[in-house]
Amino acid sequence: MNITVVGSGYVGLVSGTCFAEMGNKVTCVDIDQKKIQKLEEGIIPIFEPGLEQMVLKNVKNKNLFFTTNLGNAISDAEIVFIAVGTPMGDDGSADLQYVLAVAKSIGKTMKKRLVVVDKSTVPVGTADKVKITIQKELDVRGEDIDFDVVSNPEFLKEGAAITDFMKPDRVVIGADSEYAFDKMKQLYSPFFRTHDRFITMDIRSAEMTKYAANAMLATKISFMNEIANICERVGADANQVRIGIGSDQRIGYSFIYPGAGYGGSCFPKDVKALKKIAEENGYKANLIESVENVNDAQKLVIAHKIVKRFGENLSGMTFGLWGLAFKPGTDDMREAPAIYVVKELVKRGAKVKMYDPKAMKEAKEFYLKNVENIEYFNSKYEVLKEANALILLTEWKEFRSPDFEEIKNTLISPIIFDGRNQYIAYKLEDKGIEYYRIGK
Ligand code: NAD
């Protein structure tokens, strides 16, 4: 099949590359000329395990192309995906300007029947807006060309995006024509070798499914963080409670790890957008609002533990920080707890020395760009020199089993604040290390 994917970020580039891997001819489009130029030179603008190799292979096989010209890209396409960003607008709702700009360009340039697929996470009713936008442009041109608008929300996880896309738990398709369902089924069938995991539904339900899925996962995290905060106050251990409740099959172990709060490009903005969708439709989403409030507070839990240990004024103190990315396996720092913790410590006069295997460029260029009193290092042990304590915020594998003797000998005082409960098993107190974690 001839496919066009508009938006070559985490979702667009991964989807396009995986479709190409299955033998389709895919053109990835982006408005960002530098990004497209880099991709044409074989430079992958994001870090995602396995992506670079797969992009290079499919470019070489002439299954994957890059361009900034949407009109050319869709001239031969049967399906066009919209995979541009839907960032949080000023009022918390999803900003649809990029999605609708793409819809407009499609309407202006399409020449033959197309299935237009919303892959971006968009509020319920967006497919209707996309349809109206395209139709308006066709009317201006005086053209009568058939098209379908489909909702196909994406569930991949950064850090495991290729595996998630190649072996999806399910593919959700919301459409209102047999033609569109058939096309989507043909496109996705190669991804289901053992059994069909294709879920078809109406368009609005598909749009809602994505928000419901992310809100559910965020709820599990905030729920467990709230339990952890109560545990700390009553002398219980949230880690033991986690194991105790996870063993119940109705609850399960996934997504109930207490920690420093969720971040990333999806949960924070999607939870906020869902709250806004409810509000705009006359419903106050109390649970969703609490999920967000608990998480906002949780991002600062480690900073509060530090203040409790060292006092309100941290001037003259230095902290060594391991982990900036919002989770391991990615360079993405959007809404990462590290941003909040670093800013809070610096605000209180502290200096922070930082190391992350992948996200330091992002931190330097964007998320901690104008923050003073921070320093970046290229190895995890270097940040500990002349530091009063170690803070762990992202559970990268290289942080999971460190040399505790070296940590102890390098820090001014052997203290660890573990925002991801990674070191519970090591009995650090017995090694002479003062150990603070979440939920105990
Ligand atoms: P991203 O910011 O990494 O990429 C978006 C890309 O779209 C950028 O490269 C941008 O230059 C490009 N773009 C913007 N306007 C354009 C236009 N008019 N024409 C062509 N390109 C344009 O975003 P992302 O993380 O890939 O997310 C995309 C969507 O997918 C969002 O709605 C997001 O919520 C959703 N989503 C993201 C993830 C994830 O893990 N990142 C997972 C599931 C769903």
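This note covers a pocket, a cavity, the salt bridges and the cysteines of a predicted model.

1. **The second largest pocket: size and place.** Its volume is about 520 Å³. Domain 2 (211–297) and domain 3 (299–437) both contribute lining residues, so the second largest pocket lies between these domains.

2. **What lines that pocket.** The lining of the second largest pocket has 21 residues. Nearest the centre are Glu232, Val301, Lys305, Arg437 and Lys440. By type, the lining splits into 10 charged, eight nonpolar and three polar residues.

3. **Which elements build it.** Four elements each supply at least two lining residues of the second largest pocket: helix H9 (203–234), helix H12 (286–298), helix H13 (301–310) and strand S14 (434–437). H13 gives the largest share, with five residues.

4. Arg437 is among the residues nearest the centre of the second largest pocket. Arginine 437 also forms a salt bridge with aspartate 237, with the closest N and O atoms 2.8 Å apart. Arginine 437 sits in strand S14, and aspartate 237 in the loop between H9 and helix H10 (238–246), so the pair ties together parts that are 200 residues apart in sequence. Both arginine 437 and aspartate 237 are buried.

5. **Salt bridges overall.** The structure holds 30 of them. Side chains of opposite charge can pair when their charged atoms come close. One group forms a network: Glu312, Glu344, Lys347 and Arg348 are linked by salt bridges.

6. **Lysine 119 and glutamate 154.** These side chains meet in a salt bridge, at 2.8 Å from N to O. Lysine 119 is in the loop between strand S5 (114–118) and helix H6 (126–141), while glutamate 154 is in the loop between strand S6 (147–151) and helix H7 (161–166), so the pair ties together parts that are 35 residues apart in sequence. Lysine 119 and glutamate 154 are both buried.

7. **A salt bridge with an exposed partner.** Arginine 250 pairs with aspartate 248, the closest N and O atoms being 2.7 Å apart. Is arginine 250 buried or exposed? Its relative accessible area is 76%, over the 50% cut-off, so arginine 250 counts as exposed. Aspartate 248 is partly exposed, with a relative accessible area of 24%.

8. **Cysteines.** How many disulfides does the count give? The count comes to zero. Cysteine 18 is in no disulfide. The nearest cysteine sulfur belongs to cysteine 28 and is 10 Å away, whereas a disulfide needs the two sulfur atoms within 2.5 Å. Cysteine 18 is buried, because its relative accessibility is 0% and the cut-off is under 20%. Cysteine 231 is likewise buried, at 5% relative accessibility.

9. **The cavity.** A search of the whole structure finds one cavity of 30 Å³ or more. The largest cavity has a volume of about 40 Å³. Its lining consists of Asp118, Ser120, Thr121, Val122, Ser151, Pro153, Ala206, Glu207 and Lys210. These lining residues divide into three nonpolar, three polar and three charged.

10. **H9 in both linings.** H9 gives the most to the lining of the largest cavity, with three residues. H9 also supplies at least two residues to the lining of the second largest pocket.

Key. Residues are numbered from 1 along each chain as its sequence is written. This is a predicted model: local features need pLDDT of at least 70, side-chain atom pairs count only at pLDDT 80 or more; totals for chains, interfaces and linings use all residues. Side-chain values use heavy atoms; hydrogens and water are left out. On a 1 Å grid over the protein atoms alone, a cavity is a set of points where a 1.4 Å probe fits but cannot get out, and a pocket is an open set with protein on both sides within 12 Å along at least five of seven lines; lining residues have an atom within 4 Å of a point. Grid points are joined across faces, edges and corners, and a volume is the space filled by probe spheres set on the points. Ala, Val, Leu, Ile, Met, Phe, Trp, Tyr, Cys and Pro count as nonpolar, Asp, Glu, Lys and Arg as charged, and the others, Gly among them, as polar. Domain bounds come from an automatic or database domain assignment. A salt bridge is a side-chain nitrogen of Lys or Arg within 4 Å of a carboxyl oxygen of Asp or Glu. Buried means under 20% relative accessible area, exposed over 50%, partly exposed in between (1.4 Å probe, protein chains only).
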